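Dear colleague,

I am passing on a structure that I would like you to look through. Please keep it open beside this message while you read my notes.

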Amino acid sequence: MPTALEILNKSKEFLGSRGLEPAAAKHDSEAILARVLGLRKRLDLYLNFERVLTEPELAEARSHVSRRGKREPLQHILGDVEFDSLILKTDRRALIPRQETEELIEWTCARLPGPPARVLDLGTGSGALALALAKRFPGAAVTAVDRKPEALALARENAARLGLAGRVTFLESHWLSAVSGEFDLIVSNPPYLPASDLATAEPEVRDHEPRSALVAPEEGLSDLYRILEDSRKHLGLNGLLTLETGPDQHASLGERAAALGWTRRESGLDLSGRERFFAVRF
């Protein structure tokens, strides 16, 4: 039977031949093998290079690497992803939580005047934003909205796994159509890609993630516009609305927000220096 190092080297070579960049092939091979061997961290693998795999371990490793070679997302293969110190289940029912959305949480929290009592997450998907905010603000009543029943089911599963099921209310709604009441914070990572961008996206995104969570009409602006308009009657005094956006959309969003009467508007950069976050208040 082969050792862990032998399997790792073969896996990196195989994934490289399937179009992954060397760094990604190395990272994903290590992540897969560490999970198969039951190691807590990917770096623990370096202490187990001489470990000989059992037949079941070898079969599982080969299956996972084969799936990754077909450009299935690593997060779907492993079944979870770390997000804001939470481990979230992830699969084809919702968008895989991304680093930019973690940055949205930090950017949002830095702009809050104090802990919010009422929080609304629009288009919750896996529940990432709602659950992270529920964890950060134990006193907040959090509502998570999605129009897809399958996405809400995944979000509920994550809430139960994290012991947050009693902290978050889940609501099936197309944006704010079924929402009532006012909130101190409304946050959303809505679809904002133009259809042309999805056509040129990597296979992991194009072929495995829900199109409805990625693409919006009007060059990606349609859902952002709708949230800006419909949130006006649901944001309480001194309330804050923050959005994750595409990097070329802030001029249009600023014009629309001004026309809708949002008197205070702010753009924010992600860690790569692109305009990614947009906030409004009255």
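**How two helices pack**

Helices H1 and H2 make a right-handed crossing, a term used when the near helix is turned clockwise from the far one by less than a right angle. This is a predicted model, in which local features need pLDDT of at least 70 and side-chain atom pairs count only at pLDDT 80 or more, while totals for chains, interfaces and linings use all residues. Residues are numbered from 1 along each chain as its sequence is written, and side-chain values use heavy atoms, with hydrogens and water left out.

Helices here are DSSP runs of H or I with at least four residues, and strands are runs of E with at least two, numbered from the N terminus. The axes of H1 (residues 4-17) and H2 (residues 22-36) come within 9 Å and cross at roughly 135 degrees, axes being lines fitted to C-alpha atoms over the stretch in contact, with angles from 0 to 180 degrees between N-to-C directions. H1 is therefore oblique to H2, since angles under 35 degrees count as roughly parallel, over 145 as roughly antiparallel, 65 to 115 as roughly perpendicular and the rest as oblique.

**The nonpolar core**

A nonpolar core is a set of buried (under 20% relative accessible area, 1.4 Å probe, protein chains only) Ala, Val, Leu, Ile, Met, Phe, Trp, Tyr and Cys residues joined through side-chain atoms within 4.5 Å. The largest one has 32 residues, and among those touching the most other members are Ile105 and Leu131. Its largest share, seven residues, comes from H6. A second, separate core of 23 residues includes Leu176 and Phe183.

Best wishes

Terms used:
Buried < 20%, exposed > 50% of the residue type's maximum accessible area, 1.4 Å probe, protein only.
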